[in-house]
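Here are a few friendly notes to read alongside the model. Keep the structure open and look up each residue as you go.

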Amino acid sequence: MTARSAKAARPRPARRPSTARKPRGGRTPSGSRGLHTRLRRAWDRPLTAYYLILGGSLLITVLGLVMVYSASQIKALQSGLAPTYFFRKQLLAAVLGGGLLLAASRMSVRLHRGLAYPLLAVSVFLMCLVQIPGIGVAVNGNQNWISLGGPFQMQPSEFAKLALVLWGADLLARKQDKRLLVQWKHLLVPLIPVAFLLLGLIMLGGDMGTAIILTAILFGLLWLAGAPTRLFVGVLGAATLIGALLIKTSANRMSRLACIGATDPGPGDQCWQAVHGIYALASGGFFGSGLGASMEKWGELPEPHTDFIFAITGEELGLAGTLSVLALFAALGYAGIRVAGRTEDPFVRYAAGGVTTWITAQAVINIGAVLGLLPIAGVPLPLFSYGGSALLPTMFAIGLLIAFARDEPAARAALAMRQPVFGRRQAGVRWKTMRRRVKKRPSGER
């Protein structure tokens, strides 16, 4: 045997098996397809809704604080106040709201249901107090406020939104457990009469914007309860007829309706606010004039830190800033729908759907008015505009969504796996990472 043949006959060492894991299906995704697969898997994780709600709401609140500080300085100086006056009040409300958010996120579903009737009773009582002379306070022509002493006021109708969500969800859940929602009288009574009571108390003060949000919550609850199309259309038609009558009989509301799409202030400057909101957005460009550099807040645009704070955001942060705000609200709305769609608890489904309808409808109405697509309703942008009475119940509602997102079985399991056990050992288990537990091998095992 020659040296060459001996070299050829020598066995070659076996190759070490590759440790790289191949994806299921036998093919490795690459390029845009692989990126899409990874994004879809990340989007479908159990904690996606939890992180979207928590992160999105905190980002909206923090950005809102920044914009309230920027948009309210001139308004405060014109009123003879310190430049940080409105910002300090909003920061205090955000701190208190953060406490409510944390408390609501730690409450059990049973405790949330227990709050429904007391909160509804307190809201009705406070809205009755608003109509008593000497107790109720009128702001911008609407008497929907109660003075708390000094510079602090409260708007009970904002808490009525939360009350309707919790009470309506509890009512519909109990009726569903008894299989009563198949009958239209149990679907409408007492939900519709109580909702009309709240709407009547709100409209006594002239606040049609809040009444529209309350109506949207009512329709959201009816839709989630599976109201027949004929019944749903009938209630919607009745509400539209009443709304049209209220608008027709008010010159102020008719003028607001006439300002949709206006590009000129018109006779008597009746569309001044709507037009200058468009001016603010148009002058912002793609990246804005810079934080604090708005020109419209120097007395040209009324309510720059409340109803029209989105216009100042567009002027100072540009299209990029406004799209970021829209994306955050879209993520928050998607997460709320996801929580409502994945639960088996009827109360959680109705409450999560009601909160999502509330925040989404209010954001659409506010932003639509700033863009000139809807009439000016006088409602703040949730979590963003100045106003402690609006911020506190909204942050409690966000805590409600966080509690529901954490309560999903898959989310509970994922959160439990992410929390290592300190100060004690589990028999036969050692922690390799925060996500995976590996059993100890007995001695002598290979």
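This is a predicted model: local features need pLDDT of at least 70, side-chain atom pairs count only at pLDDT 80 or more; totals for chains, interfaces and linings use all residues.

1. Residues are numbered from 1 along each chain as its sequence is written, and side-chain values use heavy atoms, leaving out hydrogens and water.

2. Start with the cysteines. A search of the whole structure turns up 1 disulfide (a pair of cysteine sulfur atoms within 2.5 Å). Its partners are Cys 259 and Cys 271, with sulfur atoms 2.1 Å apart. The torsion about their S-S bond is about -90°, so this disulfide is left-handed.

3. Where do Cys 259 and Cys 271 lie? Both are in the loop between helix 12 (251-258) and helix 13 (272-282), so the pair ties together parts 12 residues apart in sequence. Helices here are DSSP runs (H or I, at least four residues), numbered from the N terminus.

4. Cys 259 and Cys 271 are both buried (under 20% relative accessible area; exposed is over 50%, partly exposed in between, with a 1.4 Å probe and protein chains only). Cys 128, at 38% relative accessibility, counts as partly exposed.

5. Now find helix 14 (residues 309-342), which has a kink of about 130° centred on Leu 317. The bend at a residue is the angle between axes fitted to the seven residues ending there and the seven starting there.

6. Finally, His 112 sits in helix 5 (residues 109-114). His 112 is buried, with a relative accessible area of 0%.

Technical notes: Helices (H or I, at least four residues) and strands (E, at least two) are DSSP runs, numbered from the N terminus. The expected span of a helix is 1.5 Å times one less than its number of residues.
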